[in-house]
Amino acid sequence: MSVSVIIKWGGQEYSITTLCEEDTVFDLKQSIKSLTGVLPERQKLLGLKVKGKAAEDDIKLGTLKLKPNTKIMMMGSREESLEDVLGPPPENDDVINDFDFEEEVIEVENREENLAKIARRVKDYKVEILNPPREGKRLLVLDVDYTLFGKLLSIHKVLEILRGSHRTERGSSQSPHSSSMIKAVEFMTVLFVLQVLGVTNNPNYKITFMLDSAAMITVHIPKRGVVEVKPLGVIWGKYSEFYNKKNTIMFDDIGRNFLMNPQNGLKVRPFMKAHLNRDKDRELFKLSQYLKEIAKLEDFSDLNHKHWERYLSKKQSQ
């Protein structure tokens, strides 16, 4: 059953119709974030209660028995910078709130409600193709922040240099255009940095598409709660004739993002303090050598990417 609610915040009303009874309160908060720019941890939803107590993030919406177009008042403030939206920079290789999930991954990967979420993303998520997929090519999925580059610009510093009437839209958080404006600037900032890096127009390779947070899903981990992950199944479902578990590898500095596809994830060391480490960091160079080695294989299924450096060293010594 579908769930439709109306969120009241900042003098505006936001309609959400893309959720179902199997989705959780955290899924609702993620939808609110995409519309308002307010992070889930900053949101206080008034009136969502179970047995007289505020509903926790892992509570399914069906449990709340919400009537169609129920109006929910939200309290919370939008973050001031893109760094806040992306999360704080990690202090070391063990990223904040990250974890090893050897014992829990099988249950999460095959849980029916998680597979249903992926199926809905395959059906509803719109991918804008930059360059068409090519038959016989491997798929490399790259995280952006702290994998390709470090700290990004402030959203509002970018907004301040926009011309003309855009500035008046930025001036009030109650503007109906402000949340879409923030989201557009986030994307534009990332796209600009990728262009500067020569990623989007490099003659040696083609970027097929870029995905945003709407392609992610939430999963519940026993004793840990609800977390967001990046399911490769969304790509595999949309482009099954090109990509699958055998020819896909994903780089990310946060290991929990691999929960739905652990065999295909390679956790990289986060790129921190770029102004100090730019000339010293060799992570991506070494990973490029690893990609050249495994590109010779037809099937990545037998690889343990956790030991990629050991694999590379062995191949280079041969």
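Phenylalanine 242 is partly exposed, with a relative accessible area of 21%. Here buried means under 20% relative accessible area, exposed means over 50%, and partly exposed lies in between, computed with a 1.4 Å probe on protein chains only. This is a predicted model in which local features need pLDDT of at least 70 and side-chain atom pairs count only at pLDDT 80 or more, while totals for chains, interfaces and linings use all residues. Residues are numbered from 1 along each chain as its sequence is written, and side-chain values use heavy atoms, with hydrogens and water left out.

**Aromatic rings**

A pair of aromatic rings is described by the distance of the centres and the angle of the planes. Rings of Phe, Tyr and Trp (its six-membered ring) pair if their centres lie within 6.5 Å; planes under 30 degrees apart count as stacked, over 60 as edge-to-face and the rest as tilted. The structure holds five aromatic pairs. In one of them, tryptophan 9 and tyrosine 14 are tilted, at 6.5 Å centre to centre and 45° between the planes. Tryptophan 9 counts as buried because its relative accessibility is 10%, and tyrosine 14 is also buried at 10%. The rings of phenylalanine 242 and tyrosine 243 have centres 6.1 Å apart and planes at 45°, so this pair is tilted. Tyrosine 243 is buried at 4% relative accessibility. Tyr290, Trp308 and Tyr311 make up one aromatic cluster.

A ring can also lie under a charge. The rule is that NZ of Lys or CZ of Arg is within 6 Å of the ring centre and within 35 degrees of the ring normal. The charged end of arginine 282 sits over the ring of phenylalanine 285, 4.4 Å from its centre.

**Helix H5**

Helices (H or I, at least four residues) and strands (E, at least two) are DSSP runs, numbered from the N terminus. Helix H5 covers residues 112-124. The expected span of a helix is 1.5 Å times one less than its number of residues. For the 13 residues of H5 this gives 18 Å, which agrees with the 18 Å between its end C-alpha atoms. Asn114, Lys117, Ile118 and Arg121 of H5 are buried. Seen down the axis, the buried residues of H5 fall within an arc of 100°, so they line one face of the helix. That arc is taken from the directions from the helix axis to the C-beta atoms. On the other side of H5, Glu112, Lys123 and Asp124 are exposed.

**Salt bridges**

Side chains of opposite charge can pair when their charged atoms come close. A salt bridge is a side-chain nitrogen of Lys or Arg within 4 Å of a carboxyl oxygen of Asp or Glu. The structure holds 13 salt bridges, including those in the table.

| Aspartate 23 | Arginine 120 | 2.7 Å |

Aspartate 23 lies in the loop between strand E2 (12-20) and helix H1 (25-36), and arginine 120 in helix H5, so their pair ties together parts that are 97 residues apart in sequence. Aspartate 23 is buried, with a relative accessible area of 4%, whereas arginine 120 is partly exposed at 22%. Aspartate 57 is partly exposed at 26%, and lysine 29 is buried at 12%. Glutamate 283 is buried at 8%, while arginine 269 is partly exposed at 37%. Salt bridges that share partners join Asp143, Lys230 and Asp252 into one network.
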